[in-house]
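Biologist: Hi! Could you walk me through this structure? I'm new to this, so please keep it plain.

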Amino acid sequence: MPHDHAHDPDHAHAVLPSEPALRVKALETLLTEKGLVDPAALDEIIDSYQDKIGPKNGAKVIARAWTDPAFKAALLADGTAAVSEMGFYGRQGEHVTVVENTPEVHNMVVCTLCSCYPWPLLGIPPAWYKSDAYRARAVREPRAVLAEFGVTLLPTQKVRVWDSTAEMRYLVLPMRPEGTEGMSAAELAPLVSRDAMVGTGIARGPKP
Ligand code: FE
């Protein structure tokens, strides 16, 4: 699969040295002092992606796909269009492909070069997603990585690893947990974790 990274400025973290938080703080201070950025506006952007948007949007998409076969078909056929129709689009959300977990295949997402990730659906990527270890090992030994995340695959399941790029971002459609028959999309959404949509987790069943 080609990994042609037409990197935009949002990917600056990929070239940051090992103390990114410090560097970011220094840059923010400098830009604020020069009047180039408004710290309140920055905070609002971060809050929006980390907490408000976060993975809750993605969970709504998954829960709807579990309960609405027509939507699921549309989602798998054209992810970008289907999630846009739910209002989830924007920066880092272009070109979304949804890959479905089945008893035969477990999908897992990585960006081997940096940290491409569907922001409007999942928020800002977690530190581990951006780590050198995850980026290298997800491809080399996905089953070992999955085991460390506590994911036990079915004996029948193969692992398929998807390498994200700026041109293609992936969302995993987890298998609907057993024991959720009759639950509504609103009841199902909280069962869908961020990790389940990256493929480093599975959707959990309802609490007994
Ligand atoms: Fe990337």
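Modeller: Happy to! Let's start with a cluster in which ring pairs link Tyr117, Trp128, Tyr129, Tyr134 and Phe149. Keep in mind that this is a predicted model.

Biologist: Nice. How many aromatic pairs does the structure hold?

Modeller: There are seven aromatic pairs. One of them is formed by Trp128 and Phe149, and that pair is edge-to-face. The centres are 4.7 Å apart, with 65° between the planes.

Biologist: Why give both a distance and an angle?

Modeller: Because a pair of aromatic rings is described by the distance of the centres and the angle of the planes.

Biologist: Got it. Where in the chain do Trp128 and Phe149 sit?

Modeller: Trp128 is in helix α7, which covers residues 127-130. Phe149 belongs to the loop between α9 (142-148) and β3 (158-163). The two are 21 residues apart, and the pair links distant parts of the chain.

Biologist: Is Phe149 buried or exposed, or something in between?

Modeller: Phe149 counts as partly exposed, because its relative accessible area is 27%, between the cut-offs of 20% for buried and 50% for exposed. Phe149 also pairs with Tyr134: the ring centres are 6.3 Å apart and the planes are at 80°, so this pair is edge-to-face.

Biologist: What does the pair of Tyr134 and Phe149 tie together?

Modeller: Tyr134 lies in helix α8 (residues 132-140) and Phe149 in the loop between α9 and β3, so the pair ties together parts 15 residues apart in sequence. Tyr134 itself is buried, with a relative accessible area of 5%.

Biologist: Which residues are on each side of β4?

Modeller: Arg169, Leu171 and Leu173 are on one side, while Tyr170 and Val172 are on the other. They are all buried, which leaves both faces covered. As background, side chains in a regular strand alternate between the two faces of the sheet.

Biologist: And which strand is joined to β4 by five bridges?

Modeller: That would be β1, residues 96-100, and the two strands run parallel. As an example, Thr97 has Tyr170 in β4 as its bridge partner.

Biologist: What comes between α5 and β1?

Modeller: A loop that includes His95. The phi of His95 is near 60°, a positive value in a residue other than glycine. His95 is partly exposed, at 40% relative accessibility.

Biologist: Now helices. How does the span of α1 compare with what it should be?

Modeller: It agrees: at 1.5 Å a residue, the 14 residues of α1 (residues 20-33) should span 20 Å, and the end C-alpha atoms are 20 Å apart. Gly35 follows α1, and its phi is positive, near 75°.

Biologist: Last one: what does the whole chain look like?

Modeller: The chain has eleven helices and four strands. Of its 208 residues, 39% count as buried. Its accessible surface is about 11,200 Å², with 59% of that belonging to carbon and sulfur atoms.

Key
Residues are numbered from 1 along each chain as its sequence is written. This is a predicted model: local features need pLDDT of at least 70, side-chain atom pairs count only at pLDDT 80 or more; totals for chains, interfaces and linings use all residues. Side-chain values use heavy atoms; hydrogens and water are left out. Rings of Phe, Tyr and Trp (its six-membered ring) pair if their centres lie within 6.5 Å; planes under 30 degrees apart count as stacked, over 60 as edge-to-face and the rest as tilted. Buried means under 20% relative accessible area, exposed over 50%, partly exposed in between (1.4 Å probe, protein chains only). The expected span of a helix is 1.5 Å times one less than its number of residues. Accessible areas come from the Shrake-Rupley method with a 1.4 Å probe; for residues, only the protein chains shown count as cover. Two strands pair if DSSP finds at least two bridges between them.
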